[in-house]
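Here are my notes for you on this structure. Keep the 3D view open and follow along point by point.

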Amino acid sequence: MVGIDKINFYTPNTYIELEELATHRGVDPAKFTIGIGQSKMSVPPISQDTVSMAANAAYPLLTKNDLNNIDLIVVGTETGVDESKSVASFIHNLLGIHPFAKSVDLKQACYGATAGLMMAVDFVKLHPDKKALVIGSDISRYGLNSSGEVTQGAGAVAMIISSSPSILEIEEVSVSMTKSIFDFWRPNYSKTAIVDGKFSNEAYVSFFSTLWQEYKNRTTRSFEDFSAFCFHLPYTKMGKKALMPLLDAESPSNKDLLLEHYQLSTTYSRDIGNIYTGSLYLSLMSLLESTTSSLKENQRIGFFSYGSGAVAEIFSGKLVPNFKESLLTKQHDTLLNDRISLSIDSYTDMFNDELAIDSEGNHLFKQDKTDNGVFFFKGVENHQ
Ligand code: HMG
């Protein structure tokens with residue numbers, strides 16, 4: 001049995017209230033909180049980038065045994081810091097993982113960390129005495145005043161994959177799908193994503209529906225074989241838009257339970273926003289760490305991973321006995337409750353804060369005083 005042994009997330013210490021943003025933009029706040037389903041949005045200071053967030057998510061998980069036995073580090077990201085050097089190679093150094101590990105990034109929009117998870121599961125199946133570290137880390141940026149603005153966010157999820165998982169066994173069967181489309185993309189010359197919002201929603205819904213049919217054909221499973229379904233959540237209403245029509249069409253007897261669990265899986269995302277690659281796994285933590293969920297060992301959870309462009313996958317996992325004991329629920333409560341609310345002016349300044357590299361390749365700055373990250377980005381020295 002191979003699966004998720006440990007899991008953690010990190011999000012920067014600063015956020016904005018979306019009701020405040022709505023008022024500032026002259027939009028009815030209910031559009032953001034009900035229509036989109038988002039309450040708060042994490043805003044990263046310049047001192048938190050994809051590398052530092054990834055390290056902040058991973059380091060609390062690692063014991064000495066992990067540092068000596070992780071032979072694969074794989075980071076899913078679409079907002080890396082270098083076109084050539086992997087985020088994973090920075091992480092390998094920052095966390096002090098032994099020298100004979102391999103480190104690589106995988107890219108396919110928000111699907112990247114799922115590709116990493118699948119690669120890690122296969123790797124550990126082949127080498128059951130070894131472990132893998134899988135991270136999804138991203139900063140989601142559409143631009144001030146853009147229609148995607150309310151669906152931004154920042155954060156990272158880290159998971160350790162082993163052959164004696166304490167949380168979730170990843171099951172064998174999964175079904176993936178690829179179709180080259182332009183629903184959301186970011187050309188190399190652009191700092192913000194370009195999106196065809198309505199088309200991206202339609203693509204997400206249609207990928208889920210097509211994959212679910214294929215999954216049912218290949219597995220003979222139905223919704224009744226699942227206790228919960230976790231979704232990639234660009235905003236919390238999105239997964240429900242995909243799930244609801246199928247639950248209605250198939251009238252499963254556990255429809256209410258699946259909807260109740262869907263709701264519990266959205267709590268963290270509602271207060272953080274879209275963290276791209278880590279989002280699906282943030283949904284998993286939100287569900288498992290909820291005090292009201294009745295989930296038990298051996299119950300099956302379905303997953304829908306979607307990355308624009310587009311690649312998607314449906315897979316499943318089974319809860320391991322005593323999984324609750326391995327969750328970092330208290331730490332996550334503290335992380336979210338201790339955050340600082342920004343004014344819209346400070347958010348705007350932070351959004352516009354950019355590296356200004358001089359002719360020698362330098363730009364160093366001080367860690368923002370509100371930044372709580374153990375790891376943080378100090379700037380660039382000699383183009384490094
Ligand atoms: P929009 O045009 O601002 O919003 O775009 P809208 O007019 O479509 O309204 C949104 C919802 O609010 C609608 O509900 C309205 O009815 C409702 P729906 O019909 O969808 O159920 N509404 C209200 N509700 C209550 N009170 C009101 C009110 N007014 C309106 N007063 C959109 C919204 C999400 C398209 C935009 O924010 C956007 O483009 N976001 C970015 C793209 C995105 O998140 N796409 C999701 C699928 S693609 C994906 O998941 C991949 C991704 O994560 C990237 C990756 O893979 O790397 C994005």
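1. How are α9 and α11 oriented relative to each other? Before the answer, one caution: this is a predicted model. Now find helix α9 at residues 255-265 and helix α11 at residues 279-288. Their axes sit 7 Å apart, and the two helices pack at an angle of about 110 degrees. Angles from 65 to 115 degrees count as roughly perpendicular, so α9 and α11 are roughly perpendicular to each other. As for handedness, the crossing of α9 past α11 is right-handed.

2. Which residues make that contact? From α9 you have His-261, Leu-264 and Ser-265, and from α11 you have Ser-283, Ser-286 and Leu-287. Sort the residues of the α9 and α11 contact by class and you get two nonpolar, four polar and no charged ones.

3. Now go back to α9 and look at its other partner here, helix α8, which covers residues 236-250. The axes of α8 and α9 come within 11 Å and cross at roughly 180 degrees. Anything over 145 degrees counts as roughly antiparallel, so that is the label for α8 and α9. On the α8 side the contact uses Gly-239, Lys-240, Leu-243 and Leu-247, and on the α9 side it uses Lys-255, Leu-258 and Tyr-262. By class, the contact of α8 with α9 has four nonpolar, one polar and two charged residues.

4. Zoom in on Leu-247, which is found in α8. Why does Leu-247 count as partly exposed? It has 18 C-beta neighbours inside 10 Å, and a residue needs 20 or more to be called buried, so Leu-247 counts as partly exposed. Ignoring neighbours within four places in sequence, Leu-247 touches Phe-223, Pro-252, Lys-255 and Leu-258. For a sense of distance, Leu-247 and His-261 are 14 residues apart along the chain, and their C-alpha atoms are separated by 13 Å.

5. Next, a sheet. Three strands form an open sheet in the order β3-β2-β14, with mixed pairing. The edge strands, which pair on one side only, are β3 (40-42) and β14 (340-341). Strand β2, at residues 14-17, is joined to β3 by three bridges, and these two run antiparallel.

6. What else does α1 pack against? Helix α2, at residues 29-36, has an axis that comes within 7 Å of the α1 axis, and the two cross at roughly 135 degrees. That makes α1 oblique to α2. The contact is made by Leu-18, Glu-19, Ala-22 and Thr-23 of α1, together with Pro-29, Lys-31, Phe-32 and Thr-33 of α2. The class count for α1 with α2 is four nonpolar, two polar and two charged residues.

7. Strand β4 (residues 70-76) is mostly covered, with six of its seven residues buried. β4 runs parallel to strand β6 (residues 131-140), and six bridges join them. Val-75 has Ile-135 in β6 as its bridge partner. β4 also pairs in the parallel sense with strand β5 (residues 102-106), over five bridges. There, the partner of Ile-73 is Ser-103 in β5.

8. Last stop: Gly-155, in strand β7 (residues 153-162). With 32 C-beta neighbours inside 10 Å, Gly-155 counts as buried. Setting aside neighbours within four places in sequence, its contacts include Phe-9, Tyr-10, Ser-42, Met-53 and Ile-272. Gly-155 and Leu-67 are 88 residues apart in sequence and 23 Å apart in space, C-alpha to C-alpha.

Key
Residues numbered from 1 in each chain as written. Predicted model: local features only at pLDDT ≥ 70, side-chain atom pairs only at ≥ 80, totals over all residues. Pairing = 2+ DSSP bridges. Helix = DSSP H or I, 4+ residues; strand = E, 2+ residues; numbered from the N terminus. Axes fitted to C-alpha atoms, helices over the stretch in contact; angles between N-to-C directions. Parallel < 35°, antiparallel > 145°, perpendicular 65-115°, else oblique. Left-handed = near helix turned anticlockwise from the far one by under 90°. Contact = placed C-beta atoms within 7 Å. Nonpolar A, V, L, I, M, F, W, Y, C, P; charged D, E, K, R; others polar. Buried ≥ 20, exposed ≤ 12 C-beta atoms within 10 Å, placed from the backbone.
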